[in-house]
Amino acid sequence: MSEVANIIGDVTDRRLIMFDDIVDSAGTLCNAAQSLMDAGAKEVSAYVTHGVLSGAAIERVNGSVLKELVVTDSIETDSRVQVGGKIRVVSCARLIGEAIRRIANEESVSKLFD
């Protein structure tokens with residue numbers, strides 16, 4: 001079980017976004033969101049690159065204070081992720097395809113992120 005040690009800054013009445021590279025069990029993410037809400041945040045969303053979502057993660061997210069969890073399709077999405085739930089999956093196919101095209105044409109990949 002994770003524990004939130006500190007919240008830096010005043011989050012009162014703010015809409016907050018948390019960013020992370022991976023979410024597995026979602027315990028830490030949901031605990032952090034709860035701590036932010038307890039500190040006065042108006043709402044909390046999370047954007048994560050890789051949504052592993054193992055075990056009870058989906059149920060944990062859907063039952064949490066998170067407004068939304070957005071993950072990419074960088075790995076296969078669990079079939080339990082339902083339309084209308086709190087988890088939204090966005091495609092990274094166009095970005096990856098464009099990176100491959102640029103590499104093949106010896107163009108700048110870093111310009112994708114300017």
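Helix α1 lies across β1, β2 (43–51) and β3, at about 165 degrees to β1. Contact here means heavy atoms within 4.5 Å, and axes are lines fitted to C-alpha atoms, for helices over the stretch in contact, with angles from 0 to 180 degrees between N-to-C directions. The model is predicted, so local features need pLDDT of at least 70 and side-chain atom pairs pLDDT 80 or more, while totals for chains, interfaces and linings use all residues. Residues are numbered from 1 along each chain as its sequence is written, and side-chain values use heavy atoms, without hydrogens and water.

The protein has three helices and four strands, in the sequence pattern β-α-β-α-β-β-α. These elements are DSSP runs numbered from the N terminus: helices are H or I with at least four residues, strands E with at least two. Along the principal axes, the C-alpha atoms fill a box of roughly 50 × 35 × 25 Å.

The four strands form an open sheet in the order β1-β2-β3-β4, with parallel pairing; two strands pair if DSSP finds at least two bridges between them. Because β1 and β4 (87–90) stand at the edges with a single partner strand each, one side of each has no neighbour in the sheet. From one strand to the next the twist averages 20 degrees. Strand β3 (residues 68–72) is joined to the parallel β4 by four bridges, and Val70 stands opposite Arg88 in β4.

One aromatic pair is counted, under the rule that ring centres of Phe, Tyr and Trp (its six-membered ring) lie within 6.5 Å, with planes under 30 degrees apart called stacked, over 60 edge-to-face and the rest tilted. The ring centres of Phe19 and Tyr47 are 6.0 Å apart and the planes at 35 degrees, so this pair is tilted. Since Phe19 belongs to strand β1 and Tyr47 to strand β2, the pair ties together parts 28 residues apart in sequence.

The largest pocket holds about 160 Å³ of space. A pocket is an open set of points on a 1 Å grid over the protein atoms alone, where a 1.4 Å probe fits, with protein on both sides within 12 Å along at least five of seven lines; lining residues have an atom within 4 Å of a point. Grid points are joined across faces, edges and corners, and the volume is the space filled by probe spheres set on them. Of its 13 lining residues, Asp20, Ile22, Val23, Thr28 and Leu29 are closest to the centre. β1 (15–23) and α1 (27–38) each give two or more residues to this lining.
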